[in-house]
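Let's take a walk through this model together. Keep the sequence and the 3D view open as you read.

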Amino acid sequence: MVKAYAQEHIYKHPWERVTSASWRKFADPENKRTLSHILEVDTLNRKLDPLSGKLYTTRALTIHAPGPWFVRKIIGQDICHCVESTVVDAQSKSMQLTTRNVSLQKFIEVEEKIRYDPHPDNPTGWTICRQETSIRIKPLSTLASMAEKVEQRCAERFMQNSVKGREVMERICKYLEAESSGMTL
């Protein structure tokens with residue numbers, strides 16, 4: 001069984017500001033408390049393709065394992081390692097992030113895709129964020145008997161963390177806006 005959900009959010013900020021905020025989301029010490037599930041973020045690879053102008057980045061994320069406490073007890077781990085692959089196409093103004101877990105795969109597979117594009121109604125002033133997440137408990141794992149409940153709890157946690165992430169993004173966008181206009185917050 002797979003638990004999947006999709007969300008959309010409109011940032012009333014231009015694409016350049018929102019994508020800059022995305023890069024700063026985990027780096028800003030002020031956000032550590034809000035995004036407390038993120039333990040560590042390391043850039044593994046960054047490459048700019050000279051022909052296409054696209055930026056390719058791979059980051060390793062270490063997070064508190066998603067889901068309820070009893071799941072962490074069963075699997076015997078409190079942390080999960082993930083890989084985030086990002087493609088930024090400044091020419092077409094598109095930023096796509098795909099994050100997958102690389103640990104705990106014998107129990108659970110999680111994939112999150114986020115895409116930032118200029119909003120069609122206001123392409124110079126707003127950015128639309130589309131997020132899709134899928135969570136799948138492996139059928140032969142020790143979690144299989146309660147898969148639906150675990151997937152639901154994981155999805156709820158992901159949605160709560162998405163709200164926190166959007167709050168952080170909005171705060172960084174406002175900071176960047178103030179910075180570009182010479183104001184201080």
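Glu8 counts as exposed because its relative accessibility is 57%; the cut-offs, worked out with a 1.4 Å probe on protein chains only, are under 20% relative accessible area for buried, over 50% for exposed, and partly exposed in between. Bear in mind that this is a predicted model, where local features need pLDDT of at least 70 and side-chain atom pairs count only at pLDDT 80 or more, while totals for chains, interfaces and linings use all residues. Residues are numbered from 1 along each chain as its sequence is written, and side-chain values use heavy atoms, leaving out hydrogens and water.

So what is around Glu8? This residue sits in strand β1, residues 2–11. (Strands are DSSP runs of E with at least two residues, helices are runs of H or I with at least four, and both are numbered from the N terminus.) Setting aside neighbours within four places in sequence, Glu8 is in contact (heavy atoms within 4.5 Å) with Ile128, Cys129 and Arg130. With Arg130 there is also a polar contact, side chain to side chain, at 3.3 Å. That term means a pair of N or O atoms within 3.5 Å; within protein, one must be able to donate a hydrogen and the other to accept it, and residues adjacent in sequence count only if both atoms are side-chain atoms. Ile114 is 106 residues from Glu8 in sequence, yet their C-alpha atoms are 9.5 Å apart in space.

Ile114 takes us on to β6, where it is the bridge partner of Leu97. β5 and β6 pair antiparallel over six bridges; for strands to pair, DSSP must find at least two bridges between them.

Now for the turns. Most residues other than glycine have a negative phi. Lys93 is partly exposed, because its relative accessible area is 28%. The hairpin of β5 and β6 has six residues between its strands, and Leu104 in the turn has a positive phi of about 65 degrees. Leu104 counts as buried because its relative accessibility is 8%.
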